[in-house]
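Please consult the sequence and the structure shown below while reading.

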Amino acid sequence: MATPPPRTTVLILGAGGDLTHRLLLPGLASLLVAEPSRDVRVVGADRTELTQAQWQDRVSDAFATVDPTATLLSAVVKDTAYLTTDVLDPDGLGELVASCGDGPLVIFFALPPHISMKVCELLRDIHLPEVTRLALEKPFGTDRASAAAFNTLLHQVVDEDQVFRIDHFLGQAAVLNLIGLRFANRLLQPVWSSEHIERVEIVYDEDLTLEGRAGYYDHAGALRDMIQSHLLQVLALFALESIATLDARELRDQKTQVLRATTVWGGSPERSSRRARYTSGALGRRTIPDYVHEEGVDPARGTETLAEVTLAVENNRWAGVPFLLRSGKSLGIPRKDVVVHFRDVAHLPAGFTGAGSHTDRLVLDLKTGAVSLTLTMNAEGDPFDLEQKALTATLAPADLLPYGEVLAHILDGDQLLTVRGDAAEECWRIVEPVLRAWAEGTVPMETYAAGSAGPDGWLPG
Ligand SMILES: O=C1O[C@H](COP(=O)(O)O)[C@@H](O)[C@H](O)[C@H]1O
């Protein structure tokens with residue numbers, strides 16, 4: 001009889017934070033419900049004083065969002081431990097790690113990047129179990145130089161194959177569907193290039209506001225929060241060269257190649273980027289104040305809440321195709337999709353009426369996973385009058401939440417759904433000219449009312 005794999009301890013640093021409660025623990029719950037044979041112990045650590053019972057209540061509460069009866073995961077809740085720890089205190093951190101034992105250990109850094117870096121400095125002098133994996137939340141660094149320094153530091157602690165840089169979009173079924181959709185369909189594979197595709201939009205417009213996250217968001221802004229990380233990952237998956245297997249090394253090699261070829265369109269952040277900030281308005285029944293009057297916001301920081309950048313992927317497949325990436329908060333029409341605009345046919349027989357535009361479009365909804373192909377065809381009643389119609393296929397709901405999917409891979413030591421160190425640095429390199437131009441004020445800050453579709457003249461929501 002095969003011996004079961006040893007129990008893995010997931011040590012969460014920053015366990016008291018919003019990310020742990022809202023995303024990480026529910027993600028883990030979805031994994032443990034779907035795969036009950038996984039043997040995982042959760043240890044939480046944070047500076048906040050919590051009793052064991054209070055922590056268990058928090059875990060149970062987060063698990064209940066996935067398993068409302070709370071019966072399936074009661075053993076995990078019973079077994080979990082919390083240690084009030086200042087993770088920047090070398091002795092405290094050492095004791096914390098030692099308390100996890102010598103079995104496989106995943107250290108999940110649910111911490112801001114500068115704290116994660118300090119913890120890693122301390123980890124250099126702490127004995128770690130043979131199987132140790134470091135899972136690092138985004139943002140990975142705050143610019144290219146700090147990401148590079150972080151990579152160097154991490155490699156003094158563990159090898160790169162033990163580092164898992166999290167991007168939860170890589171655990172989303174709708175995002176991963178990009179790979180299957182493209183490579184499994186004879187119809188799509190040959191047209192996936194500049195020869196047939198005119199332009200691509202990757203948009204993540206949210207009707208969320210700050211939701212109590214000003215402490216983080218006001219330092220980040222829309223470009224760093226969404227485009228530098230998630231949307232560039234989507235772009236990399238979209239624009240991949242062909243892969244022979246779903247092997248982590250191969251997929252990540254190809255993604256990194258795409259990122260290396262990516263630059264700001266025309267080399268001009270002034271012409272190829274826009275930024276805006278919301279002013280007061282209404283989102284549904286909620287009255288939203290000016291961004292600069294939101295609690296925790298420092299108006300002097302000049303943070304944008306909507307960012308748009310057009311990028312070029314300068315390789316043989318994509319030269320000449322603009323990729324527009326955009327994301328923002330407090331928008332009235334949430335739009336989260338990838339839209340592929342195909343080129344027009346070379347010639348439409350004269351005599352047809354209707355369909356001013358007859359370019360085909362493929363839309364991938366990044367939230368629901370629905371895929372819809374808009375084709376031009378005969379309108380009802382008149383066989384020589386054309387109109388556009390969409391064929392839509394829905395995606396079955398995934399068993400795992402995005403964090404659950406990513407965690408499953410981390411627990412298996414598979415880096416497929418996490419970001420390689422050099423790719424993380426490339427993502428900063430791509431956005432840096434834009435960040436610089438914005439800091440220098442060469443791109444104006446526009447405004448839009450919360451609940452609107454964005455500033456006038458921008459891409460429609
Ligand atoms: O990481 C982040 O992602 C969310 C959007 O992802 P979703 O899966 O929750 O829709 C975004 O709202 C947040 O600002 C950002 O930090």
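A residue is called buried when its relative accessible area is under 20%. C100, with 8% relative accessibility, therefore counts as buried. The model is a predicted one, and the points below are grouped by topic.

**Cysteines**
- A disulfide requires a pair of cysteine sulfur atoms within 2.5 Å, and by this rule the model has zero disulfides.
- The closest cysteine sulfur to that of C100 belongs to C120 and lies 15 Å away, so the two are too far apart for a bond.
- C120 likewise takes part in no disulfide, its nearest cysteine sulfur being that of C100 at 15 Å.
- C120 is also buried, because its relative accessibility is 0%.

**Domains**
- The domain assignment divides the chain into domain 1, covering 8-137, and domain 2, covering 170-396 + 420-449.
- Taken over C-alpha atoms, the centres of domain 1 and domain 2 are 33 Å apart.

**Helix α11**
- Helix α11 spans residues 402-411, and eight of its 10 residues are buried, so the rest of the structure largely encloses the helix.
- The buried residues of α11 are Y403, G404, V406, L407, A408, H409, I410 and L411.
- The cover over these buried residues includes the strands β1 (8-13), β2 (40-46), β4 (105-109), β5 (132-136) and β6 (163-165), together with helix α1 (18-34).
- G413 follows α11 and has a positive phi, near 75°.

Technical notes:
Residues numbered from 1 in each chain as written. Predicted model: local features only at pLDDT ≥ 70, side-chain atom pairs only at ≥ 80, totals over all residues. Heavy atoms only, no water. Buried < 20%, exposed > 50% of the residue type's maximum accessible area, 1.4 Å probe, protein only. Domains from an automatic or database assignment. Helix = DSSP H or I, 4+ residues; strand = E, 2+ residues; numbered from the N terminus. Contact = heavy atoms within 4.5 Å.
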